[in-house]
Amino acid sequence: MSEISEREFYGPNLGYVLELYERFREDPDSVDEETRRLFEHWRPREVSLDGRGGVAAAPADVEKIVGATKFIRHIRDFGHMAAHLDPLGSEPPGDPTLDPSFYRISEEDLAELPSSIVDGPVAGRTSTAKEAADELRRLYCSTTGYDFGHVHDPEERFWLREAVESERFGGKLDAGEAKRLLKRLTRVDTFEKFLHRTFLGQKRFSVEGNDMVVPMLDRLLELAADSGIPGAVLGMAHRGRLNVLAHVLGKPYEKIFAEFQQPEKGEQPSVAESPGEGWVGDVKYHLGIRGYHLEEGEEDTRVEVTLAPNPSHLEHVNPVVEGMARAAQEDRGNPGAPEQDVDAALPILLHGDAAFPGEGVAAETLNLSRLRGYATGGTIHIITNNQLGFTTEKEDAYSTTYASDLAKGFEIPVVHVNADDPEACLAAVSMAYAYRQRFHKDFLIDLVGYRRYGHNEGDEPSYTQPLMYEKIRNHPSVREIWAKELEERGIIEEGEAERLVEEVYAKMQEIHRSPAAKKVEEEGMGDAPRTPLVEIPETAVPAERLEALNEAMLERPEGFNPNPKLERLFRRNRGSLEQIDWAHAEALAFASLVEEGVPIRLTGEDTERGTFSQRHAVLHDVETGERYVPLQNIPQAKASFAVYNSPLSEVATMGFEYGYSVYARDALVLWEAQYGDFANVGQAMIDQFVVSGQAKWGQSSGLVMLLPHGYEGQGPEHSSARLERYLQLAAQENIRVANCTTAAQYFHILRAQAMLTDNRRPLILMTPKSLLRHPMAASTLEELASGRFQPVLDDAEARERSDSIERLILCSGKFYTELVGSEYRDEAEDTAVARVELLYPFPEEQLREVIGGYPNLREVLWVQEEPKNMGAWSFMEPRLRELVSGELPIIYVGKPARPSPAQGSANFHRREHAEIVSRAFRGEDGGRKAEAAVRGVQARTTQGA
Ligand SMILES: Cc1ncc(C[n+]2csc(CCOP(=O)(O)OP(=O)(O)O)c2C)c(N)n1
């Protein structure tokens, strides 16, 4: 296809053709071959300006036409550079290409050209190019800046241009709407002023300066309601949150006022009366609620809005909101992949102008927006841009022109809008929503306002921004601006706006005086856990069922061409259930759960195959490349199974799954790290959500984190999943932490996690690498078909001679196989080796039983492969000491404390492990010698380095 064809030489395409012709004249090779051939015979003086292809009445100067066309294109693409976006009146940067003189043409030249050189709706309502250009300047350079130049998809580009130029989302509000908006702004503004005066000096992170965000959310939710979207999930930070809670989610004023009350002297609840163990609560501007969006005097719009609770960690709620929205959009009740309806929930994210470009999680979340496993049909983003981040100005906050520029890389259309122009703000929202509904992609509004006070209300902003705050002091609120505008339009009478303020203020005073506004209630405790954690459900699955499920998983659709090597391996390893390895046990656990109607969602980096080529949840036809997911096709399934390779991200993907798991209470949701180490890239998600969400917000999650862990000589990374971190964060039964050593144990704990739906909390699982295929970790069908998860595995062999056991080695995870596989095991008749499989909650009873079962014990050793300051030692030591009440020594055997989790040298690793095993079996003396030997190895290694 050529860039142009002959019939396009006229009318609306003329400008484009002339530009191409210019290019051709400068460099014939810069256009494609067919176009080149056309231009070789074309005489531009024959150009028709009447749009009908006839010979022009007055042949135009090609240079001028080309100049005019370029000028018009630049208005469309860069008009935003000249838009008046700042309510405080700073001059826009402008751009020389927005002046016709840049193209050596004048306004008079434009007046002589017809408007047909301009494509789109503007051409239809103007006659000369000058009129068209003026119209375009009005549209593109006023108080809205349309930043679409980065949108590559032509259909979207044309849609966006048409949307702007037809003004179908803009225009003036009618009198009724205009008045309604004034009432809304009166509430928004008066609420802040009331809080300011009534609760002097208390932090509220007022919305003032970006007040329009509330009517914008109103409009968005009304539009959603009109198109039948039943729910929205909203994520935002502190700024304006109270206002949004009150006016968008309908949180009663009395509740908000009550939260501001300082308890009177003597009213402070005692620790004993506090809401219970495992509950710590959070500050008011972090709390989330679920409510219906209501507008004064309007019908309930019936959109249920969930405002996700969030930590102070800015932007980190973004992926959580997306996960919640995706979960709300999916029907998991049928076999196969879940069925997504992107109109079942609308995700909305409000961002800060410093946080959005600054926090990497914002970029990671945008990257999820179009991925199969993560897309939510388009998120509406609003940057509540107050031109400051705490005290930091934009020159120090981002390296881009706009705070929103990050979105450009994802081809997300951006509209910058002046927060003092209410009609423009509402038009932007309407366009955003229509775009989302049309293309099911994200849209971003950069709402440019200011911040009336300091970062919080106690802060003095003029220490750092004296000039800006001088302007702000004298700057009217948007309510005042809008009231004045309505007076001028004759929609309200003089004094009417002030009367509205007085009414609203008086109403707030009345509510504040009511008793309900004095009673502080703790929120979000609905999900606070109460049942003990070590309760372990029955998880065995009858052998016949497992056999049938296994067979079904080995079925392939007719005509499917599996990879022959993989299929051979499958038939060999999974063809029978005599020796079930790790991945096989996992598949059987998943199959049995979907058979029982439990939906499953599993994601992670390269998770479909599995980092260690162990899982193969998705098979690929070698001839067609088509995918086949056995777990989506077993006839027994009564629920969906979803598996996705995630993008290379930890913080956003983990947050997404956390959000998904919070919402999808019916599902087993698993997030897998490529190697356990990498989970610490998502540490904020772990600290702020996974381990503490329930204690702060009563938000329960049954997320499973699969973290490959184990020392196999691979170096400082790829070894440790930082078990110690999770154990340090474990308290008041907030999580479960386990390190299983057999396939059956893994099978049972996965099933247990899916069954404990009334008692959900995240499960942190150290998962194996070498144990994946280790015969010692393999299990029998009998082990899956009977029993349940065992928090501690005693030494079955030693149990037979329990009277002769003097030394008990306790360990966890893969090191067990090194201990019992060692040459010393048989010699050490006096030694038992038990495994602690569940680390948290500490399996006190089970350990007491194991220890008590060896009446002649002289010592208990904790043996681990992680350095002393890592792994489980610091966690186990005090608990074990308490357990034995000082009657037995508790001895550590392992590596010394180290700053880095593992050695770089595989050789050193092997020798050191051998020494530790030796010390474990040979006791203290052997241990000392071994330790010396290790130091020697270390010294030699260091010297050699
Ligand atoms: C991850 C993170 N880092 C630092 C902070 C401290 N902090 C709180 S608000 C703020 C400024 C945020 O500015 P902006 O994103 O523009 O939002 P605004 O407060 O202006 O609405 C900072 C740095 C934080 N809350 N979270």
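I started with the largest nonpolar core. Of its 104 residues, Phe257, Met431 and Phe443 touch the most other members. A nonpolar core here is a set of buried Ala, Val, Leu, Ile, Met, Phe, Trp, Tyr and Cys residues joined through side-chain atoms within 4.5 Å. Buried means under 20% relative accessible area, with a 1.4 Å probe and protein chains only. Helix H16 (residues 422–439) gives this core its largest share, 11 residues. Apart from this core lies another, of 72 residues, including Leu349 and Trp671.

The model is predicted: local features need pLDDT of at least 70, side-chain atom pairs count only at pLDDT 80 or more, and totals for chains, interfaces and linings use all residues. Residues are numbered from 1 along each chain as its sequence is written, and side-chain values use heavy atoms, without hydrogens and water.

I then looked up Phe257. Leaving aside neighbours within four places in sequence, Phe257 is in contact (heavy atoms within 4.5 Å) with Phe191, Phe194, Leu195, Phe199, Met508, Ile511, His512 and Ala517. Phe257 and Glu259 are among them. The buried residues of H11 pack against H8 (175–198), H10 (241–247) and H19 (496–513).

Last, I checked a helix pair. H14 (residues 360–368) and H24 (residues 651–663) pack at about 65 degrees, with axes 8 Å apart. They are therefore roughly perpendicular (65 to 115 degrees). Val361, Glu364, Thr365 and Leu368 of H14 meet Val651, Ala652, Thr653 and Phe656 of H24.

Conventions: Axes are lines fitted to C-alpha atoms, for helices over the stretch in contact, and angles run from 0 to 180 degrees between N-to-C directions. Helices (H or I, at least four residues) and strands (E, at least two) are DSSP runs, numbered from the N terminus. Angles under 35 degrees count as roughly parallel, over 145 as roughly antiparallel, 65 to 115 as roughly perpendicular and the rest as oblique. Buried means under 20% relative accessible area, exposed over 50%, partly exposed in between (1.4 Å probe, protein chains only).
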